[in-house]
Structures are given as structure tokens and as C-alpha cells.
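I wanted to work through this structure one part at a time, and these are my notes in the order in which I looked things up.

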Amino acid sequence: MKPEEFLHYQLKTMETVLKEDIQYHGKNYWKEVYFIPNALTPIGVNDVDLSIDFMGKHLKYPICVGSLAGGYKKFIPINEKIAEFTAKYNIAQGVGDQRCILQDDADEDALKSYQVVREKNPDGLVLANISGTVILESKDYVKDVQKIVDFIKADGVEIWVSPLLDILVDPRNTGYQGLIERIHNLTYQLHVPVFIKSFTTGLSNEDIRPLWDAGVAGINIQGVGGTSIARIETVKDLSTSQKQTYPPIKRPFDFWGIPTVWSLLDISLRPENREIPLIVGGGIRNGREAVKALALGADLVSFAYPVLIEIMEDFGYPDEENLKNWFLKIITQMKITMSLLGVRNIKELRQIVRNRTILIGRTHEWVRGRNLQYPPAHYKDVCSP
Ligand SMILES: Cc1cc2nc3c(=O)[nH]c(=O)nc-3n(C[C@H](O)[C@H](O)[C@H](O)COP(=O)(O)O)c2cc1C
């Protein structure tokens, strides 16, 4: 997609996300990760410390706001509020795909929608964002990626991939041939760490090994379970009367991909992946699910849609009070869960995972089917790339 087409696409996506039901409604399988409580916990809620070091920065909470917006005037207040929020609570954030700033005649408002992020969050952990397809189409991809990084003084860059989205948007799409070689070059030539990010369809061990070997600094798993890119594309094409049909019209690929928790297990349960920094999201909706993700190896848990809808009471009216209340609720739920498990911090959480977590149902079948060992022989230490 050309930058100007992409901007239109982003705007239409945002409108669809804010007005329509684009969430995945199947099981997200976090309930099949079962915590065994500590009936004699010695840890009070206020004893719990959720802080973590990640990418050389100390974060008060192991949370990242997923990439959401950028490139349009209407997105300036959204990015402004998100950056104020991430700065205030000392958490990480991504930004929306930045391809529009690569144009020589980039619109002032488009630029502003990204500049505002560093203005409002000068010291926080901010990740630049660009699609793998842009890297493949670029004549000088190292220069381009360096440009988007420098533009927001990013701490790292996320390269997102979604073959499903590419095909839904343009069935002539030819895939990602050559991307791993380009990522390999980027990891050598850029001055910041490179992350690879899936876009709501998950990643498997087979996907990530060549990327890790190519030098990526970490993986952002965004699996099936929350915002559904297939639902967004389905709903965009429907007429008003079709949208009112109940049950909602589905297309065969609405549920394509790996549920987030299965994707996480597929990667984190393998001892050879124990050093890989992981950001995990896609359908994480409460503090208990967030703690499960951290216990199973996520370093940061990411939320995108919940942040967007909390901040936007209506398109155009960002509301920071809603966002603050939602965030404090999530943090409290995380602390209560950790207290009830008897752990004070993320390091201790990882240490008890073998004894206090069991996998049931289809999640257990996934682990068996993928020849994974559970409980794991290792636990992941708290790491910092
Ligand atoms: C309106 C909207 C725009 C998004 N734009 C981007 C983007 O530009 N780049 C990207 O990597 N992810 C993008 N995402 C994906 C999110 O960062 C996140 O991975 C996804 O929504 C799953 O998380 P969730 O279930 O918490 O929403 C977007 C999501 C939404 C809802």
C-alpha cells in the first residue's frame, strides 16, 4: 500500500474499530492457565512490586500500550493523551505505523501526530513502528527505518508482519520473501534494537527462530483473542443492513491464527528461547490474564484496544480520566493476583510457575501436540535486552 492509501486505510480502520464490533468472541484460553493459590500467602497487595527493567529502561509496570495511531490530524490528540499517560505511569508504548513520514511531501499534521509523542513523553520507552511490506518495497530500507526511529527518538523499532492482513487488503500480495535478510541487515546497521511483531495472528517457534538468528532483539507476540484484523476487514465491507444481521456475518479467516497464550507457550516453553525478550498481547483484558502472561515468560504485557476505547468516549474526545481508572483497575488486579499467589515481584512469579500453574483443556493439548514440556524444566529469568 502506498503511504497515501495507507493513511486512508488507517483512518477507516480507526473509524471501524471505534464504531463496530471487531473483537474476537471465541475462547481466548487464558482460563485454561490455572493458578493454584497460596492459602497462606505472606505477601500483601501493597508489598507487590511490578517494576521491570526492559531495553535498558526501568519501568514501573510491565506494560506496553500497543501501536494504535498516527499520520492524521485526528490522531494528534489520541497520541498526545497516550504519551502523557505512558509518561505519567512510566510504561512503554508503541506508535502507529510511520510510513507516511517517509514521504518527501509529508503532511504537517501527519508529522505532528508522531512528534507529539516525544514532546509529551521525553524519557519513556517508545518503539517506532513500520510494516515488513514497507521494508521490502523500500529502495533504501536502512535509511528509511533509521529515519522513523530518529523522528521520534525511539528506543527501538517494531517491524510488524501480517500475511493475513496483506492478503485481505490486496489478494495479489506476494508475501515476505527476502524480509529476513533485510531484517538481518537492519539489526547490524541500525543504532537501536529491532523487534518483530505479529499483527493479531500470533507467531510460532518456527516463525521466530530464523528471526532470532537474524539478530532481532525481541519478539512482540500479538495473537488471536482480542482485536481481530480479519473482523475489521470483514466489517469494513458490510452494508448497514448486513451489519445488523444477527449472528454477525463471518468469513472463513475471521479466526485465523494462534491464540495469544498458545503462541506464548510455543515460544517461551522451549529452553533455547529463554533469553528472548517478549512483549505479549492480543486480547489481554484484565490483570489476571496479564499476570498469567508474565508468569509464562512475557516481559511486557501489551494492551491496545482497551486503551483506545477508554481514551475515546467518542471519536474526537479523548478522556484521560477513563483511561486512568481503567489502568489503576488493571494494576490492582495484577497486584491482588500476585499477592494471592504469594509472590512479591516478577522474578518470584517466574520461580513459582512450575508448582503453581497448571494447563488444562485444549491448551494442554496444544502443549502436547507441539511437543512442549510442561511444567517447564527452566524458568525465565527477568531479562533486559
Ligand atoms: C486502530 C488500531 C490501529 C492499529 N495500528 C497498528 C499499527 O499501525 N502498527 C502495529 O504494529 N499494530 C497496530 N495495531 C495493532 C495493536 O497494536 C495490537 O497489536 C492489536 O490491537 C492487538 O491488541 P489488543 O487485542 O489489545 O487490541 C492497531 C490496532 C488498532 C486497534
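Predicted model: local features only at pLDDT ≥ 70, side-chain atom pairs only at ≥ 80, totals over all residues.

Entry one, the strands. I began with strand 9 (residues 218-222) and strand 10, which run parallel and are joined by four bridges. Looking for the partner of Asn 220, I found that its bridge in strand 10 goes to Ile 279. I then turned to strand 11 (residues 300-303), which pairs with strand 10 in the parallel sense over three bridges, and there I noted Gly 281 standing opposite Ser 302.

Next I asked which residues of strand 10 (residues 278-281) lie on each of its faces. Leu 278 and Val 280 are on one side, with Ile 279 and Gly 281 on the other, and I found all four buried, which leaves both faces covered.

I listed 24 residues around the ligand, of which Gly 66, Gly 226, Thr 227, Ala 304 and Tyr 305 come nearest. The elements giving two or more residues to this shell are helix 1 (3-19), strand 7 (156-161) and helix 13 (305-311); helix 1 supplies the largest share, three residues. Sorting the shell by class, I got nine nonpolar, 12 polar and three charged residues.

I located Val 95 in the loop between strand 5 (92-94) and helix 3 (108-120). Is Val 95 buried or exposed? With 29 other C-beta atoms within 10 Å, Val 95 is buried, because the cut-off for that is 20 or more. Leaving out residues up to four places away in sequence, I noted that Val 95 touches Ser 67, Gly 70, Asn 79, Tyr 114, Val 117, Val 126, Ala 128, Asn 129 and Ile 152. I also looked up Gly 71, which is 24 residues from Val 95 in sequence and 10 Å from it in space, C-alpha to C-alpha.

I counted 16 helices and 12 strands. The radius of gyration is 20 Å, close to the 21 Å that the globule rule gives for 385 residues, so I noted the protein as being as compact as a globular protein of that length. Along its principal axes the C-alpha trace spans about 60 × 50 × 45 Å, and 48% of the 385 residues count as buried. Among contacts with a separation of 6 or more, 78% are between residues 24 or more positions apart.

Terms used
Residues numbered from 1 in each chain as written. Buried ≥ 20, exposed ≤ 12 C-beta atoms within 10 Å, placed from the backbone. Pairing = 2+ DSSP bridges. Near = placed C-beta within 6 Å. Nonpolar A, V, L, I, M, F, W, Y, C, P; charged D, E, K, R; others polar. Rg over C-alpha atoms; globule rule 2.2 N^0.38 Å. Contact = placed C-beta atoms within 7 Å.
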